[in-house]
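Subject: Model for you, with notes

Hello,

Here is the structure I promised. Please open it first, then read the notes below.

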Amino acid sequence: MHSANFISGHFYSFSDAIEQYFSLKNQNQILVEENKQLHQQILDFQKLKIDSIDTKTEVSFSPNKYKVLRAEVIKNSINLSKNYLLINKGVNDSVMQDMGVISPKGIVGIIDKTSKRFASVQSVLNTRSRLSVALKNTAHYGTLRWEDKQLNIVQMTDIPNVAPVKVGDTIVTDGRSSIFPKGIPVGSVKDFKINPLDNSLILNIQLFTDMARIQHVYIIQNKDQAEIRELEEQTQENE
């Protein structure tokens, strides 16, 4: 009897372990959906926050303007000078070139090319990448780029040397483009130095997103992007 109980106990423990293993995918899916909802809640919260400050000003970060779409990362390079990710969403999902891509922790890159079911993302760890960002505390803005030196360390340039920068300061997107809404987390200031060419500051930024461990991303769809791009092209033609 004791032997039978011992064997049956181990059998049910083993069965329970198998059940838990096969439920992991479902649990991960639930977590991903919760993250998606969290990002949408952030959009809603920032809308309310901006509206409460000035109801006469157009809301720059509105859920009526942006849509969040989840995607899985199929391939990701981090050891090249021009790194890309491949994700499982494409034209069939209304994914287009120049849409912003983020993780639950911060920016990842920008949609580069699309097919019907897939898209390539130009990683923030790409020497061609140029993003408009700002110091969260002071709103001093500059350009985010990568010097191809360290994983997850990017550079922010064109900062005036009078800007009160401190190690640990948070960097966010500044909303000056139609790609990323204002306030998306980027990273924190690791250290900084003076650029001898123009006396501006060069900041080393530790990304909030670990680019080597990305499994899921979120595509930010700006519903006004096509209209904005068309107007920008018309303005350039008239110059």
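In strand 8, L144 has M156 as its bridge partner. Strands here, like helices, are DSSP runs numbered from the N terminus (strands E, at least two residues; helices H or I, at least four).

Some ground rules. This is a predicted model, in which local features need pLDDT of at least 70 and side-chain atom pairs count only at pLDDT 80 or more, while totals for chains, interfaces and linings use all residues. Residues are numbered from 1 along each chain as its sequence is written, and side-chain values use heavy atoms, with hydrogens and water left out.

**Overall**

The protein has two helices and twelve strands. Their order along the sequence is α-β-β-β-β-β-β-β-β-β-β-β-β-α. Of the 239 residues, 38% are buried; that means under 20% relative accessible area, with exposed set at over 50% and partly exposed in between (1.4 Å probe, protein chains only). Take contacts (heavy atoms within 4.5 Å) between residues at least 6 apart in sequence: 57% of them join residues at least 24 apart.

**The barrel**

Six strands form a closed barrel in the order 6-7-8-11-10-9, with antiparallel pairing. From one strand to the next, the twist averages 45°. The angles lie between N-to-C directions, on a scale from 0 to 180 degrees, and the axes are lines fitted to C-alpha atoms (for helices, over the stretch in contact). Two strands count as paired if DSSP finds at least two bridges between them.

Strand 6 (residues 131-135) pairs with strand 7 (residues 141-150) over four bridges, antiparallel. L131 sits opposite L144 of strand 7. S132 faces T143. Five residues separate the two strands in this hairpin, and A139 in the turn has a positive phi of about 70°.

Strand 7 also pairs with strand 8 (residues 153-159), again antiparallel over four bridges. This hairpin has two residues between the strands, and N152 takes a positive phi near 70°.

**H140**

Where is H140? It lies in the loop between strand 6 and strand 7. H140 is partly exposed, because its relative accessible area is 24%. Beyond its neighbours within four places in sequence, H140 contacts V133, A134, L135, M156, I159, P160, A163 and P164. Its side chain also makes a polar contact with the side chain of T138 (2.8 Å). A polar contact is a pair of N or O atoms within 3.5 Å; within protein, one must be able to donate a hydrogen and the other to accept it, and residues adjacent in sequence count only if both atoms are side-chain atoms.

Best wishes
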